[in-house]
Amino acid sequence: LEDVRVLLAALSSRADVLVERASGKADATAALGRALQACASHDDAFSKSLQFVEASTAGGLLRASQLRSLASDLTAKHLTALHDHLASLPAAQGAMACRERALLTVVTLEVALARRAGALDAARSQDPTSQRARMLQADVEGHEAALDVGRQEYDKLAERNASEMVSWGRQLRADFMAMAKEFAMVQMSSAEKEHVLWTETHAALMQEHQQHQQQLQQQQQQEQQQQAGWLRST
């Protein structure tokens, strides 16, 4: 269990770092979008085309930041299984410690019983009916009864621990599989939505670029016509 605890603690710490970085990325994207939005408001007086590009990109960044923030929140939600299982380990370790104490009690009683049984054999070899032999016999019987109780208690704890560990292991695997699946789905969904967002933004920018190029060509043609007319008139 200690190895599992160390592993879960490391994974839990890395999960926190992952969520923190994802949240920071969302915040940075939003900050960049707001800065570009401010530039768009300033450049409106100089170039409508530039203002459109900046405003469109700023809008894309702000929507992307929302997607990333949502993905960060969902990631944190689905990674809570790590923290939950880490928090449950002390109770499991306590149950295992109870079993170990019960085993220590059994071993201690076995050693004590062996010593008293040896003393009883020695006393009986001298005088089977002596008071010492009778006292040692009663002592041995008391230790045998205590040892039986101790073994029953240990067997009960060992059986319960084994059942709980099997159940806990199954739940751990099931939770980890679900966590990995949900994490992957969140990342995939967020990436797909952001891909659609930037594809649409790119299409809008390309359309604006084409319109701007057409306007420039029309202006050039008008200027050329004006120059040609001026030359004819002169």
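A residue counts as buried under 20% relative accessible area, as exposed over 50%, and as partly exposed in between, using a 1.4 Å probe and protein chains only. By this rule Glu144 is partly exposed, because its relative accessible area is 38%. The structure is a predicted model, in which local features need pLDDT of at least 70, side-chain atom pairs count only at pLDDT 80 or more, and totals for chains, interfaces and linings use all residues. Residues are numbered from 1 along each chain as its sequence is written, and side-chain values use heavy atoms, with hydrogens and water left out.

Helices (H or I, at least four residues) and strands (E, at least two) are DSSP runs, numbered from the N terminus. Glu144 belongs to helix H4. Ala117 sits in helix H3. It counts as partly exposed because its relative accessibility is 28%. Between Ala117 and Glu141 there are 24 residues in sequence and 9.5 Å in space, C-alpha to C-alpha.

Helix H2 holds Leu74 and His78. Leu74 has 31% relative accessibility, so it counts as partly exposed. Its C-alpha atom is separated by 9.5 Å from that of Gln187, a residue 113 places away along the chain.

A nonpolar core is a set of buried Ala, Val, Leu, Ile, Met, Phe, Trp, Tyr and Cys residues joined through side-chain atoms within 4.5 Å. In soluble globular proteins, nonpolar side chains tend to be buried together. The largest nonpolar core here has 10 residues: Leu8, Ala15, Val19, Leu79, Ala81, Leu82, Leu89, Trp168, Leu172 and Met179. Helices H1, H3 (80-126) and H4 each give two or more residues to this core. Apart from it lies another core, of 9 residues, including Leu109, Leu113, Leu120 and Ala133. Within the largest core, Leu82 touches Leu8, Ala15 and Met179, among others. Its contacts also include Leu11, Ser12 and Phe176, again not counting residues up to four places away in sequence.

The largest pocket holds about 240 Å³ of space. On a 1 Å grid over the protein atoms alone, a cavity is a set of points where a 1.4 Å probe fits but cannot get out, whereas a pocket is an open set with protein on both sides within 12 Å along at least five of seven lines; lining residues have an atom within 4 Å of a point. Grid points are joined across faces, edges and corners, and a volume is the space filled by probe spheres set on the points. The lining of the largest pocket has 13 residues, and Ala22, Lys25, Arg68, Ala71 and Gln187 lie nearest the centre. At least two lining residues come from each of H1 (2-43), H2 (48-78) and H4 (131-233). H4 gives the most, with 5 residues.

Finally, a search of the whole structure for disulfides (pairs of cysteine sulfur atoms within 2.5 Å) finds 0. Cys39 counts as partly exposed because its relative accessibility is 36%. Cys98 is partly exposed too, at 33% relative accessibility.

Notes: Contact = heavy atoms within 4.5 Å.
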